[in-house]
Structures are given as C-alpha cells and as structure tokens.
Amino acid sequence: MRLVSVLLAIFFFLLIVTPARADTFPRPASLESQVRFWRAIFADYSRHQVVLHDTVDLDKIYSVLDFRSSADLSPFALEELIRDETRAELARLRALFERLHDAGPKPTGLTADEQRIFDLFRNDTGRAKFRDAADAKRLRSQRGLREKFAEGIRIAHRYLPEMEGIFREEGLPLELTRLPLVESCFNVEAYSKVGAAGIWQFMPATGRIYAMDVNDSVDDRRDPIASTRAAARFLRHNYEALEEAWPLAITAYNHGPAGLRRAIAETGTTDIATIVARYKGPSFGFASRNFYAEFLAALDVDRHREAYFGVMSVHEPEPTRVIPLERSLGIEVAARLAGTDRTTVASLNPALMDPVVGGRRSIPAGYALRLPADRSSGFEERLAKLGAEQRVMRVASAAPWRRSAGRGVTNAHRVGRGDTLSEIAQRYGVSVASLRTANRLKRSEIRPGQVLKIPRRT
C-alpha cells in the first residue's frame, strides 16, 4: 500500500511539473508564416530597423529600413528620422503597387524592386491584388524588438520562479507565464495609450474584477506578482468559457472572451486558424489575429534564447518576504523598521503609487508589503511597538522624492502614431512616472503630434 501511495505521488508530481504537451498549444500550418514573422521581429530585427509588410500574408516583406548606422544621433533626431523615412517608404510602396496594378498581368520593363515585389504575388490570381495591397489596412510598418525582447527575457527571470509557482498552484500550463513577453516585454512600468498597465497589461476595470486594488495609492496591476495571480484566474476563466482551448483563451486575453464567443458563433468552429482566416469582426484586427502566433513565437525565442542572443546574464530573483500590514504605515517608517531605504522599498513594491512613495500618503492598511528577506527579521515586533502617531509622523515631513530623481529636460519627443508612454520612456531610459511629471500628464494617454519633454536621466 505504501508503494502504491509513493507511485501515485510521483505520478501527480510529474503531472504538475511536466511542461504542457504539444497539443496544449497547437501550431496550425496556416499560422506558421505569422509565427516566423514574429520570431524575426522579436529576435532578429533591431529597434533601429523598420519592416514594411503585408498584414494578411506576413511572408510578404516589401522592404526593411535600417537606421542602425544613425544610432549616434540624439534620440529625438533619430526618432524624427525614422518616422519621416517610414512615411516616405510607405508612400513609395503605395505608388509602386499602383504602377504594378496599371501594368497588368504581364508587365515588362520592371525595375529590380518592382520585379521582386511582383514575384511575391505570383500565386495570387486576384485582378486587384496590387491595389488591395496598397490599402492602409494591408500595408503596415513594424519596428524590430530584438533589444527590448532580450531585456524582457533578462528581467523575466527575476519574477518567473514566483510566477510559475502561482500558475502551478492554479493548475495552468507554465508556458503561459511567458505571455508578458508579448504584452509588455516584462516592463513593470508599461502603460498603454488606452490605460492598460503592468507586465500583464490589465485595464483598470478588469483588474478590479480579479481582486486587484487600482486607485491613487495602490495599483496592483503594476506589481508583477499580484497581477500574475489575477492573470492566472483571468486565463482560467477564458479557458473554461471557450471550449477549454488554450489558443482561444490566449486570443481572448487580447480580444476578450465575449469577442471570441462571437467569432466561434460566426465561423461555426473553435479552430484558431479558421477563426484567424475567416472572422471579420470589426474589432478583430491585426493585433487580435496575431496574438496567438506572437505567443508561440515568444515561446520559441525564450526556449532557444541563447541561440538568438548568445549567452545571457539574467536577473536573479531577489529573496524577499511579504508582510501584510494591519494598519497604515509611512514608507519612510517602513524602510527604517526594515533597516533599508525608501528606494529599496519602492522598487520591491511597484504597486505603490507616487503619493505613497513620495511620502504624501501612507501605505494603506491591508497592503502586502514586500521587504528584503535579510532585512525584515523583527519588522513586525518593531512595528508593534510604534504608536499611531509614530507610524505616520514621517509622512508629512518626508523629503520630496521621485522614482526618477532627475530634474530638467535634455530632449523633446514628438509622439508618433502608435507610440505609447512606456515605449517612449524605455527609449530614453527614463521612468513613465518622470515623463508624466515632466509633462503634467494626469494619465498615460498621449496623442500623435504631441511634443513631450524628456526629463534628464541621473
């Protein structure tokens, strides 16, 4: 009997820790061109390269603009150059497609570039194929992500042990913990132009549904661990609501489960490849159609990261201890009781918003405070000895402090179409918070053409 119990224990242990089977995340042949494209964007093309391509057939790459030789320009000048040259190239390609359309099915006297693009369409028998290709919905530019993706993998390893532990507890495939590589490249301070935040890019309403605090003092969406617990539950909900199919559940992370249910109803199938090819829902655009393929590509690059990036030095997990606070506490007092400094407490608790980190508000009661493991011994005992006034007395007198301490402006950036505040911050090596402060932005929404002041790095 004891032997049977041991064997059962081993079986269930292997069931839990064994990576998901191949059929958990199927790879339809019709999606392979998308997976190839995103692998190249993630691992081959630099952030100083722009790929001009077709949105339907991602094997159709028309041109690649390379600005790596101009990387010594100021960030502002380089971004201006990239934006202007990309617009010019899009216009050139549209004109080229019009010429090919007018030239008919058997053109003569084509330039080498025209012939190359003509050959890309040899298997397309449509009479308006070149005019269709010139449409704004078909002709698209994509910046490379090699540097950002490699840094995302390095950062990920700081959090992956805890994240995988959460997904293991929830009974979900561990591979799903790589989804933030697609969502944010593990940028803790990532904010989208529509208000999504954190590595999992939760919207405020969705975050609150999954028991995250989202307010002026605490935004759990910014905490990689708290948001991972919510993401696991959100993904489980999607999985259970969508025929227990992970391709659909993953796509629903981008498009929403209700949208995927409409896709299933309209196409009459749960096959992700068929839905991607046939579903024409008005909000099922390029991002939604490619989300599952991007996930597969991210898995490929992460699994073979040294083949793509060479030997990588990854961020090691920092031993920490979580202490739920029964009462509110000033951050300066918390740092003193933990034998550390405010900067360390802030970096370990990215959910704390600037008013709390800056000392204008207390860390609220109920918050799970994360502290360095080697500094937190005796924290509760020292905290218990403090009176109510001592717990908050440092808040009002705390010295001004910002997550990015630099002041002044070294550059300006004109916002381009598709730019997000988090991408601009990463581009210039500053924090989103400092960008918002320098430009008096109440939220992270920006508009094309807007000029942003870039705070000085320190």
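Predicted model: local features only at pLDDT ≥ 70, side-chain atom pairs only at ≥ 80, totals over all residues.
Residues are numbered from 1 along each chain as its sequence is written. Local features need pLDDT of at least 70, side-chain atom pairs count only at pLDDT 80 or more, totals for chains, interfaces and linings use all residues, and side-chain values use heavy atoms, without hydrogens and water.

**Exercise 1.** State how helices H9 and H10 pack.

Step 1. H9 covers residues 224-241 and H10 residues 246-255; helices are DSSP runs of H or I, at least four residues, numbered from the N terminus.

Step 2. The axes, lines fitted to C-alpha atoms over the stretch in contact, lie 8 Å apart at an angle of about 125°.

Step 3. The contact (heavy atoms within 4.5 Å) involves Ala231, Phe234, Leu235, Asn238 and Tyr239 of H9, with Trp246, Ala249, Ala252 and Tyr253 of H10.

Step 4. Eight of these residues are nonpolar, one is polar and none is charged.

**Exercise 2.** Locate the Arg27 salt bridge in the chain.

Step 1. Arg27 pairs with Asp300, the closest N and O atoms being 2.9 Å apart; the cut-off is 4 Å from a side-chain nitrogen of Lys or Arg to a carboxyl oxygen of Asp or Glu.

Step 2. Arg27 sits in the loop between H1 (2-17) and H2 (32-43), Asp300 in H13 (residues 286-303), 273 residues apart.

Technical notes. Axes fitted to C-alpha atoms, helices over the stretch in contact; angles between N-to-C directions. Helix = DSSP H or I, 4+ residues; strand = E, 2+ residues; numbered from the N terminus. Nonpolar A, V, L, I, M, F, W, Y, C, P; charged D, E, K, R; others polar.
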